[in-house]
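Thank you all for coming.

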Amino acid sequence: MNPLLDRLQPYPFEKLRVLFADVTPNPAYKPISLGIGEPKHPTPKFIQQALSDNLNGLASYPSTIGAEPLRAAIAGWLERRYGLPPLDPATQILPVNGSREALFALAQTVVDPSQADALVMCPNPFYQIYEGAAYLSGAQPYFVNSDPARNFAPDYRSVPDDVWPRVKLLYLCSPGNPTGAVLSLEDWKELFALSDRHGFVIAADECYSEIYFKPEAPLGGLQAANILGRTSYPRLIAFSSLSKRSNVPGMRSGFVAGDAAILKKFLLYRTYHGGAMSPPVQAASVAAWNDETHVVENRAKYMAKFQQVTPVLQTVLDVALPDAGFYLWAKVDKLANISDTDFAKRLYAEYNVTVLPGSYLARDAHGSNPGRQRIRMALVAEVEECLEAAQRIAAFCRGL
């Protein structure tokens with residue numbers, strides 16, 4: 001067996017299952033889960049129809065590079081959304097089966113396994129796929145802690161100078177999971193300068209980009225590069241997905257876009273890896289990327305939900321409306337000295353509400369765990385259920 005597999009930690013939800021193993025939740029309350037970031041809004045009917053209308057595509061093997069109409073639809077969406085000059089769908093776009101598998105696979109393409117001291121830089125807290133990708137590529141993860149004083153953006157200026165030359169791949173998530181932080185143009189400018197100096201690839205995970213609460217949409221990596229005159233997107237790969245944008249997590253449809261030279265190698269890897277998208281899913285994806293009305297409606301539902309839920313929780317927790325995304329990242333020791341794991345366990349036992357301990361989403365790094373004494377709440381259900389969960393959490397906190 002591959003010994004690198006032994007480095008992988010249990011996934012956060014497995015840790016949560018163990019935490020709750022000896023707990024019987026209060027039967028007076030129906031269960032409400034704010035634990036898993038799985039969209040619960042209905043899938044738009046027109047996407048379902050496009051999928052069913054193209055089931056004859058199941059009779060054909062799909063190509064790894066994807067059909068031209070899909071790549072053109074993705075390029076068109078990127079150009080409209082981020083104000084980009086025309087992209088080349090043949091070389092700068094690659095459909096993928098959801099951003100998760102592509103985020104993992106990119107490390108296997110980018111990292112040289114013969115380099116014993118290679119690093120893959122990750123935000124902390126983070127999406128655990130980044131860490132697993134680092135280990136399975138033969139590299140070590142290097143965690144950069146989020147800074148509450150910087151709206152929870154990673155503090156890259158804290159990284160020692162002797163670390164940067166070893167970095168081969170840098171994962172970032174903007175809008176962030178779980179913090180909702182969005183990188184500024186100045187943040188991007190600093191990262192691009194570091195990438196130019198040290199030659200590492202930037203993997204920009206942007207799957208939450210279409211759920212936001214301010215008038216202006218979150219800045220994307222390709223958009224920042226274009227503004228700064230980096231129109232060939234050197235060493236930059238952006239990842240996006242329909243899962244959150246269009247409420248189709250089960251469809252597994254996303255894309256990568258950016259540096260054509262890297263995507264050429266990534267396509268070669270994926271041809272062997274078997275990462276081709278089903279033709280019916282491609283057709284449904286074309287329909288989804290070409291429509292913005294359902295995205296605006298979806299965003300409005302999240303905005304209404306957060307506007308009702310956040311004030312209820314602010315009476316008892318240290319929490320604020322994020323820049324974007326569908327998570328609330330709350331500090332739990334406002335009313336009592338309680339750990340994030342004890343908070344989650346007692347809340348589940350007493351009020352049958354599931355939240356995710358923040359320490360499960362982070363690692364001890366540089367003397368601290370930036371997730372400790374925080375919880376992540378995924379406001380993915382309909383507004384009534386989320387509001388009831390918030391009221392139960394408020395009652396629980398007042399009883400501490």
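Predicted model: local features only at pLDDT ≥ 70, side-chain atom pairs only at ≥ 80, totals over all residues.

Helix α4 (residues 99-110) and helix α5 (residues 129-136) pack at an angle of about 30°, with their axes 8 Å apart, where helices are DSSP runs of H or I with at least four residues, numbered from the N terminus, and axes are lines fitted to C-alpha atoms over the stretch in contact, with angles from 0 to 180 degrees between N-to-C directions. Because angles under 35 degrees count as roughly parallel, α4 and α5 are therefore roughly parallel to each other.

The contact (heavy atoms within 4.5 Å) is made by R100, L103, F104, A107 and Q108 of α4 and by I129, Y130, G132, A133 and L136 of α5.

Residues are numbered from 1 along each chain as its sequence is written, and side-chain values use heavy atoms, leaving out hydrogens and water.

Is α5 enclosed or open? In α5, 8 of the 8 residues are buried, so this helix is largely enclosed by the rest of the structure, buried meaning under 20% relative accessible area with a 1.4 Å probe, protein chains only. After α5 comes G138, whose phi is positive, near 95°.

Finally, the largest nonpolar core has 50 residues, and L78, M121 and W188 have the most contacts inside it; such a core is a set of buried Ala, Val, Leu, Ile, Met, Phe, Trp, Tyr and Cys residues joined through side-chain atoms within 4.5 Å. Helix α3 (residues 68-82) gives the most to this core, with 7 residues.

Notes:
Helix = DSSP H or I, 4+ residues; strand = E, 2+ residues; numbered from the N terminus. Parallel < 35°, antiparallel > 145°, perpendicular 65-115°, else oblique.
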